Amino acid sequence: MNKSFKLSSEQFKTVFAGLSEHYCIVGPKRFAGLGRFSDTDLIRYAPLTSIDELELAEKSCFSPKDLVFPPDETLFYFNGQQFSEAALPDNLEIIVLLRPCDINGIDRLDRMFMKNADVIDPYYQRRRSRLHFFMIECRESFENCFCVSMNANRSDNYAAALRFGKDGVEAEVASDKFLETFAVNGSVFEFKPEFVSENQIKVELPKVETMPPEIFTDKLWEEYDSRCISCGRCNTSCVTCSCFTTRDLFYGDSRTCGERRRVWDGCHLDGFCDMAGGHTFRKNKGERMRFKTFHKIYDYRKRFGVDMCVGCGRCDDVCPEYISFSNCINKLSARLKEGAE
Amino acid sequence: MSLDLNRKKVTKNAYRITKRRNYTALRVRVPGGHLNAAQLSIIAGLAETFGDGTLHVTARQGFEIPNIPFERMSEVNAALKPLLAELQLRHGVQIDNIDAGYPGAGMRNISACVGNRICPFANADTTALAQRLEGMLYPNDLHVKIAVTGCPNDCVKVHLQDFGIVAICEPEYHYDDCIGCEACVKACERKVTGALTMQNGKVYRDERRCIGCGECVLSCPTAAWTRRPGRLYRVLIMGRTGKRNPRLAMPFLDRVSEDVVCQLIKNTLPYAERHRLKCIPKEHIGYIVDRTGLDVFKEEALTGIEFNPGARIAKTIQWPGYNTLNDANFKLISK
Ligand code: SF4
Ligand code: SF4
Ligand code: SF4
Ligand code: SF4
Ligand code: SF4
């Protein structure tokens with residue numbers, strides 16, 4: 001059976017309406033006036049009630065990671081005697097419309113939460129297993145994107161791939177689950193998604209098997225001591241940042257009843273490295289930048305064989321101090337080369 | 001031939017009497033303090049062609065072009081035409097004869113801070129509101145000073161105006177997006193009023209302390225604070241400089257819509273006309289309010305206004321200021 005189709009805008013609306021009956025459809029959506037500055041918009045992932053709400057012109061400020069890893073999630077309730085796990089509010093399956101970089105980003109989270117040694121995180125898994133990826137074909141990069149350098153510009157991990165054009169949608173349907181609705185509403189057509197093959201921003205990854213220890217204390221990191229204000233935006237907007245803290249909260253003045261939550265944390269934020277007894281390490285922002293950089297493009301690779309960072313460029317988009325992560329990677333590579341000479 | 005001028009007419013045409021006999025200075029209005037480079041070139045051209053090639057940037061964000069011979073007023077007025085079209089007609093000002101220069105010298109230029117066209121702190125496009133007010137109010141013969149500022153930092157110093165308009169916001173909290181990083185709490189504590197506190201890892205806002213500056217929105221890394229859609233303002237009234245009793249403007253209306261602000265100021269014009277002292281040319285609005293009392297001002301200036309839900313009004317006002325005649329406080333320290 002042929003698996004690719006062409007649909008007029010009207011036909012695609014019918015597909016969307018049909019799917020909406022059984023799935024929650026989520027995609028990047030524009031919220032007018034809710035941007036950081038007045039009279040600016042906020043683009044973030046949210047349920048879509050119509051395909052017209054899908055924002056394609058601009059990159060979202062936040063990633064779709066909320067769907068599998070919400071900013072604040074109750075894990076279980078306790079009362080001093082027992083505990084019970086928090087149920088999900090519903091068990092709707094979710095279709096998420098997202099670009100290849102974010103599909104790869106969620107793959108990086110999968111490795112972290114489900115393929116890390118033998119431990120599978122059940123709270124992550126129960127959300128992850130509800131997701132179906134509808135890939136938004138991405139042929140032109142946005143500002144600050146460097147997905148090609150990170151080898152995250154392509155993906156074949158999707159239930160359907162969609163090209164949104166002026167008068168309709170071209171679709172390749174990879175999952176049989178969704179085949180019928182596309183086949184019934186659209187007409188047969190040859191379509192294979194294309195991918196960005198070059199970004200304006202290119203990074204050169206460090207070509208070392210092992211980081212030379214001197215680089216940890218290199219003066220390269222010093223500039224970030226004074227530049228970074230540890231606002232944490234690079235962490236919260238990043239699709240692959242997966243750090244969290246756990247927080248127990250007690251109801252009213254109870255000492256026994258309450259709940260345990262896990263809440264996003266980030267290596268640039270104050271308090272991330274606080275330990276029992278009050279000790280803290282990585283006090284300097286430069287050390288935090290170093291830690292993030294190594295995690296994104298070195299340590300993670302050692303463990304999982306791919307880089308963590310997918311080059312979505314959101315960290316560069318949102319940094320109020322104009323700190324550019326892609327520039328930082330290039331600075332590191334240049335420094336390593338100098339050292340080798 | 002000797003000059004024979006109708007001084008009152010000339011003044012109304014925005015030319016002032018200057019120290020130098022037979023020479024005048026033209027006041028150019030720039031509502032909202034923002035203009036484009038081409039308009040600036042026209043103003044520069046006026047100074048070069050008719051004046052002495054210099055310009056004064058006024059405290060109210062207009063220009064004063066000095067040393068123009070009175071005889072050349074009609075030529076200047078003709079050259080002013082494109083400026084009047086762009087900076088007045090465009091904002092809705094009615095001018096009967098566009099060839100005759102400015103139709104009035106009052107009220108004073110409406111100034112504005114840079115607002116959200118430039119400033120990240122701003123809660124509104126201050127220039128746009130100043131221009132809207134210009135369209136509604138100019139020309140008139142009353143002594144009223146108005147300025148619009150984008151946030152409570154008050155860079156344009158609305159505290160010294162008769163009507164000081166401060167754009168504010170109502171921060172809305174999205175509980176599920178908050179990660180308890182405390183950035184907003186620290187920002188409000190260090191820079192503003194300490195309206196936010198942490199409880200159980202979440203943030204609580206004391207509405208009575210919150211002044212709607214928007215610092216919390218700016219500082220949140222997860223957009224857990226956003227501005228509630230719809231513009232809101234605080235209106236401070238009857239601040240002034242001057243020879244008698246300088247004082248700061250005080251909050252009168254809070255959390256009101258743009259329409260309420262505009263209607264309030266519009267209603268003030270007939271109020272001032274009714275109560276002003278007729279024996280001096282232009283009594284400053286603040287002194288009129290001093291004479292009638294706040295209650296009469298309230299009654300007349302609020303007539304017919306439909307307030308937005310959530311609007312608040314000051315019960316009483318005591319203006320901090322001083323009388324310039326307090327000589328008793330001074331002693332000689334050097335003879
Ligand atoms: S966004 Fe920029 S300033 Fe903020 S923590 Fe990250 S690097 Fe530092
Ligand atoms: S580190 Fe920056 S570019 Fe890389 S995945 Fe995170 S936000 Fe995207
Ligand atoms: S008053 Fe506020 S908005 Fe206006 S320039 Fe100052 S800081 Fe910016
Ligand atoms: S708007 Fe300003 S005063 Fe109100 S809570 Fe936010 S930071 Fe504090
Ligand atoms: S800044 Fe945002 S995330 Fe941090 S405590 Fe305040 S509301 Fe929560």
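**Exercise 1.** Find how many salt bridges the rule gives across the interface of chain A and chain B, and look at one of them.

*Solution.* Start with the rule: a side-chain nitrogen of Lys or Arg must lie within 4 Å of a carboxyl oxygen of Asp or Glu. Applied across the interface of chain A and chain B, it finds 3 salt bridges. One to look up joins the side chains of A:Arg44 and B:Asp177, at 3.5 Å from N to O.

A quick word on the model: it is predicted, so local features need pLDDT of at least 70 and side-chain atom pairs pLDDT 80 or more, while totals for chains, interfaces and linings use all residues. Residues are numbered from 1 along each chain as its sequence is written, chains are lettered from A and ligands numbered from 1 in the order written, and side-chain values use heavy atoms, leaving out hydrogens and water.

**Exercise 2.** Work out how many residues each chain brings to the contact, and what area is buried.

*Solution.* Count residues with heavy atoms within 4.5 Å: chain A gives 24 and chain B gives 28. Next, take the accessible area (1.4 Å probe) lost on putting the two parts together, summed over both. That comes to about 1,900 Å², with 48% from carbon and sulfur atoms. On chain A's side, A:Leu34, A:Arg36 and A:Ser38 supply 26% of the area buried against chain B, more than any other three residues.

**Exercise 3.** List some residues around ligand 2, then sort the shell by class.

*Solution.* Among the residues found are A:Phe146, A:Lys296 and A:Phe325. Now sort: Ala, Val, Leu, Ile, Met, Phe, Trp, Tyr, Cys and Pro are nonpolar, Asp, Glu, Lys and Arg charged, and the others, Gly among them, polar. You get 7 nonpolar, 3 polar and 1 charged.

Technical notes. A residue is near a molecule or strand if one of its heavy atoms lies within 4 Å of it.
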